[in-house]
Amino acid sequence: MNTQPMYATTSRNPRSQWVKNLTESHSWIGVIISPLLFVIFWAGAVTLFYEEVKQWAIVPQFPVAIEQTKMPLQQIVEDKLAQHDFDYEEHLMVQMPSEHDPYYKVFLDLVREEGMEDEHGEVVSLLIDPNTGASVANRDDFFLGDFIYRLHYDLNLPGGTYLIGIISLFFFFALVSGVFIHAKKLFKHFFLYRNDKNRRDQLLDLHNVVGVMTLPFTLMYALSGLVFNLAIVYQIAFVVFIYQGDQDTLFKDAGFTLFDEPRIEQSIDMSNAYTIIEQARQQPDFYLRNVIFYNYGDESAIIQLRGNDLANFSQKDEFFYRVNTGELLNKTDIENYNVFRKGREIIATLHFGDFAGVDVRILYFILSVAICAMIVIGNMLWLDKRTLQQNVSPRNISIVRGLTLGGCGGLIVATTVAFFVERVLPAGMQARADYLIASFILTLAMAIVLSYSISNKRRYLTQMIMLSCLVLTATIAADWYLFASEIIQLTRQGFYGIVGVEIGMLLMIISGLYIVRKLSHLPSQQSLSLQPVS
Amino acid sequence: MWPKSLTAFFGGLLLSVSMMLSLYLLLPIAIDIKLLVGLLAGFSIWVAAMVYYYSFNSAKTSALACGKFLLLSVAVNFLLYWYQSLL
């Protein structure tokens, strides 16, 4: 990466040279992290509607009649324990139904095979009808929501969490350096968009306007992304230098309660646990999210209840009870909280935008898509500049061009294909999730390969947008062909997520067609920087 | 660019860890607040250091600046640890 020729002559003004160095770093770092940054923001934008996407994918397949009598939770859990080879040394988690998701989800750690006791065993995650107690599916069979969410935070790759953390760090750097580069014009040119100027000025204005206006949002995302993905760095530093290797004490100081009591091997009836759970569910302004059982069925059994305090901003409550005696062992609520843990929860709430209604998440979505556009525009500026200056090899320019067009555009096409596949694959199909992942990766790979082989880049971009619109139209059509009566019934019952996702897809189609129309009206001199210059 | 990036990434990391430890030892506040401040300040210092190191003309001057700050910060760490051990 030779960047010397551009500023071969040192500027006389040190400040100007300082800004030039930062500009150079900003543009190079920006272009290097851009493909993954686009993945993070695009997947993050879709993940804002994680609950709705899950509801759209699963509920029409297994509609739940909410007016029916519900089966007692104890009976559901104990039936599942009888059906599976549960490892009683491990904990058992039950996720409660919510307004978006009517099913219980039970996670069971199975007994490990002989000789593999040290490894983490198989975990069964069951989706359970609350009325009949029947396991309708394996939770991971409907993988679309989780796949996109994981794409956002670890790219579905081992070690991906740290890679995303490093990308967040360089994104944070790009933001701060961008502020220094643009500092003089930050307020003066706050809303400046020179429509009458040349293409480069227009692109630069767009990059700057989006960058400045989304700055509080992007700074929050960069910092929160670092806290989630790269906090391990400081955790290690604290453990080594302050806690002398005692990680448990660090966790305790950070507000994370750990109960690690051995089993006594004396059986008890667990009814008391379910009485406590029921009492918690009846509390006003409290939504019980999940329950974790430790040492199930043993005299040493403990239950951990986790839920949201609906009366206070970003307040996650947690209670530990000893099942045998009903004694409250530990609680975290609005009056008893740890500042570190509470701060982390506030950061998470701001990150996910789930502190208000769907309107805030729509606003977050628009901002995220605007940042995706800013990333692409940044790359276009880089391509324009390097192509003119000819200080970067044509091979590198071609790689950036291909990744920008095929990678970013292909990601959107691949997402629409994944939605379609999630909808049309039969619910009981073996390795259903694998087909979904394969369809996504194949589409993305194909889009990238084609972006290098097709010479007319503008036409290729138009074709990708049209294909996305077509696939989304097919998905909506498949929705109504396969589940028309279920969608109507579920909407009447208050499951608005399904229709909400369809409206979202419809808006994407309209936006796509609008962009195609605009692209077809662009004069030839306004050709994309994604187009190779001859 | 690559040598400067290495300085910015690792130099920034070491400096942020060192300054975060000093903050931890200096701030007279509850431990849970210290941990939160340390985490948020740590990342902010890391990025601020990266911006500073990238602003130099060459990787060599950037590495020199990094070394100076790091030495100073580690010296403060030692002083603070030594002072703590006396208490």
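**Helices side by side**

Modeller: In chain A, helix α13 (residues 394–424) packs on helix α15 (residues 457–493) at an angle of about 15°, with the axes 9 Å apart. Axes are lines fitted to C-alpha atoms, for helices over the stretch in contact, and angles run from 0 to 180 degrees between N-to-C directions. Helices (H or I, at least four residues) are DSSP runs, numbered from the N terminus. This is a predicted model, where local features need pLDDT of at least 70, side-chain atom pairs count only at pLDDT 80 or more, and totals for chains, interfaces and linings use all residues. Residues are numbered from 1 along each chain as its sequence is written, and chains are lettered from A in the order in which they are written.

Biologist: How is α13(A) oriented to α15(A)?

Modeller: Angles under 35 degrees count as roughly parallel, over 145 as roughly antiparallel, 65 to 115 as roughly perpendicular and the rest as oblique. The angle therefore makes α13(A) roughly parallel to α15(A).

Biologist: Which residues make the contact?

Modeller: Two residues are in contact if their C-beta atoms, placed from the backbone, lie within 7 Å. Among them are L405(A) and I412(A) of α13(A), with M464(A) and L467(A) of α15(A).

Biologist: At what angle do α11(A) and α2(B) pack?

Modeller: Helix α11 (residues 339–352) of chain A meets helix α2 (residues 31–54) of chain B at about 40°, their axes 7 Å apart. The pair is therefore oblique. V339(A), F340(A) and G343(A) of α11(A) touch D32(B), I33(B), L35(B) and L36(B) of α2(B).

Biologist: How many residues does each chain give to the contact?

Modeller: Chain B gives 25 residues and chain A gives 31. On the side of chain B, α2(B) has the largest share, 14 residues.

Key. Helices (H or I, at least four residues) and strands (E, at least two) are DSSP runs, numbered from the N terminus.
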